[in-house]
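Let us walk through this model one piece at a time. Keep the structure open beside the text.

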Amino acid sequence: MALAIYNTLSRQTEPFTPLVADHVSMYVCGPTVYSDAHIGHAMSAVVFDVVRRYLEWSGYTVRHVMNFTDVDDKIIRRANEQGRDPMELAESYTLAFLDQLGQLNVLPATAYPRVSTTIPQIIQFIEGLIAKDAAYHASNGDVYFRVRGDEDYGKLSRRAVDDMRSGARIAPDEAKADPLDFALWKAAKPGEPAWESPWGQGRPGWHIECSAMSLHELAEQIDIHGGGNDLIFPHHENEIAQTESLTGKNFAQIWMHNGMLQLAGEKMSKSLGNLITIDQFLSEHSADIMRLMVLSGSYRAPLVYNDEVLADTERKLERIMSAFKPAHGTTTSGAVVDTLTTIVAKAPADFRSAMDSDFNSAAALAVLFDLVRSINAARDAGVGGEPFDAAQARLRELAAVLGLRLEATSASKTDAAPFIELLIELRAELRKAKQWALSDLVRNRLSELDVQLEDGPSGTTWTTKG
RNA sequence: GGCGACAUAGCCAAGUGGUAAGGCAGUGGUCUGCAAAACCGCGAUCCAUGGGUUCGAAUCCCAUUGUCGCCUCCA
């Protein structure tokens, strides 16, 4: 069975065949960098990171491009409010986001183009559209795309041009030949970042950057174009219109869109202000928690985010981590070992079968949980040595395809470690003397301090919470 | 108002024609001095509601209700 991906363009799950054998070109829309990124952005980044990791694990060479919109109305407005330079402000949020992506264990993209570094390609792109009469230089100095000139406009978002009447929503503009037309190039206003162009000083509109970057960094035709489903219209619709008008070819084979993260039943977004920033999240939870939440459901469906889900996910991660506790037995053969070995051997195929089905990460996680149970059961049955190590290695390998780090909480790194060890030592003496009340007191008081003790067959272990 | 997506156990959630994965919570048991963790067992006769197609539907079609997204910047 081969990889199949849901394509927003066809609204169907289609077999995936890259344009160039063994190579995948993937363009994912990144953020407009005017404020702190929130966990909705993290979700999107994680979704496409898993796509990329799985493609690479499957043997493809992936060229992955993610852009930063660093020239934009909101950036300029924000900079003016704060008395900062717009480009400096954009740069600071760009660097912050790149750092957060690293913390989230998102693999670095092959390229991170920005509007400000793509101006010549954008201008060239617009000139090409004007030459084909798909765009025009208006009297106010702006350049607009001729929407009605594009016969299949609306095919991605399934909208008919005539349904998009220039009602209150679309501000009629005297300079536009048609109210539906959108700006490719905006004439400069005083105090704004501006670049020289055939149409005078100005800056690019929002949608043109992705068309130009995709063409420049990848090709006229690419395999996968991704982003949040809030970008379907108008952003991706306009990208298709621009690129296909210029090249005369189909742009992206597959359009992938992730669902929105829901906070209290609403989409988390900058404009609504109901957000939790990535920094806030990571100050309280590990990157694996973020990833597990995303992986637990379909990437295309809305992701419910609340305290209960968060708590469930914390427990879920603890459960996976339980498989990495060391063996205490040494059995390396027999029925229990055979059972373990069989499950370990078939896990990759089951995992692949799940992921091949439009990146069904929830089903893939179920395969991991099967492994977890088998490993724990084997440990309880006294299995150790090579078969046990191989099982743990398999679990870690498949988890890594999903980008899970599964690092032991660095409990031993805390400054209190020597003192905790001392208390455990004393408590061991108390237990030897059957001083249960005192030994329980130690355990309970440590628990109140978020230090959990567990008495096992080979002594007492401890972990810290959070 | 227009377009689109979705509606599965207490919660999260997979499953798109053949008789309901997984996780969390709960509960009975094993283990433990007691716990914790782990392991073994238990949970939807049913998949928003009402019709229809089919030998057979959570899965396809129609209607209804509800939720969310887009139509303006948005991952």
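Start with a pair of helices. The axes of helix 10 and helix 12 (residues 385–401) come within 10 Å and cross at roughly 15 degrees. Axes here are lines fitted to C-alpha atoms, for helices over the stretch in contact, and angles run from 0 to 180 degrees between N-to-C directions. Helix 10 and helix 12 are therefore roughly parallel to each other. The cut-offs are these: under 35 degrees is roughly parallel, over 145 roughly antiparallel, 65 to 115 roughly perpendicular, and the rest oblique. The crossing of helix 10 with helix 12 is left-handed. A crossing has that hand if the near helix is turned anticlockwise from the far one by less than a right angle, and is right-handed if clockwise.

A word on the source. This is a predicted model, in which local features need pLDDT of at least 70 and side-chain atom pairs count only at pLDDT 80 or more, while totals for chains, interfaces and linings use all residues. Residues are numbered from 1 along each chain as its sequence is written, chains are lettered from A and ligands numbered from 1 in the order in which they are written, and side-chain values use heavy atoms, with hydrogens and water left out.

Now compare a second pair. The axes of helix 9 (residues 307–322) and helix 11 come within 8 Å and cross at roughly 50 degrees. Helix 9 and helix 11 are therefore oblique to each other. Their crossing is left-handed.

Step back to the whole chain. Chain A has 14 helices and 15 strands. Helices (H or I, at least four residues) and strands (E, at least two) are DSSP runs, numbered from the N terminus. The C-alpha atoms of chain A fill a box of roughly 95 × 55 × 35 Å along the principal axes. Chain A has 466 residues, and 50% of them count as buried. Buried means under 20% relative accessible area, exposed over 50%, and partly exposed in between (1.4 Å probe, protein chains only).

Which helices are mostly covered? Helix 8 (residues 287–295) is one, with 9 of its 9 residues buried. Among them are D288 and R291. Helix 6 (residues 232–247) is another, with 14 of its 16 residues buried. P234 sits in helix 6. The peptide bond from F233 to P234 is cis, with omega near 0 degrees. After helix 6 comes G248, with a positive phi near 75 degrees.

Most residues other than glycine have a negative phi, and most peptide bonds are trans. Two loop residues deserve a look here. D358 is not a glycine, yet has a positive phi of about 55 degrees. D358 lies in the loop between helix 10 (335–356) and helix 11 (361–380). Is D358 buried or exposed? D358 is buried, because its relative accessible area is 10%. K434 is not a glycine either, and has a positive phi of about 55 degrees. K434 lies in the loop between helix 13 and helix 14 (436–448). K434 is exposed, because its relative accessible area is 59%.

L422, L423 and L426 make a nonpolar patch of about 260 Å². L426 belongs to helix 13 (residues 417–432). L426 is partly exposed, because its relative accessible area is 49%. Patches are made of residues with over 30% relative accessible area and no salt bridge; like charges are joined within 9 Å, and nonpolar side chains (Val, Leu, Ile, Met, Phe, Trp, Tyr) within 5 Å. A salt bridge is a side-chain nitrogen of Lys or Arg within 4 Å of a carboxyl oxygen of Asp or Glu. Accessible areas come from the Shrake-Rupley method with a 1.4 Å probe; for residues, only the protein chains shown count as cover.
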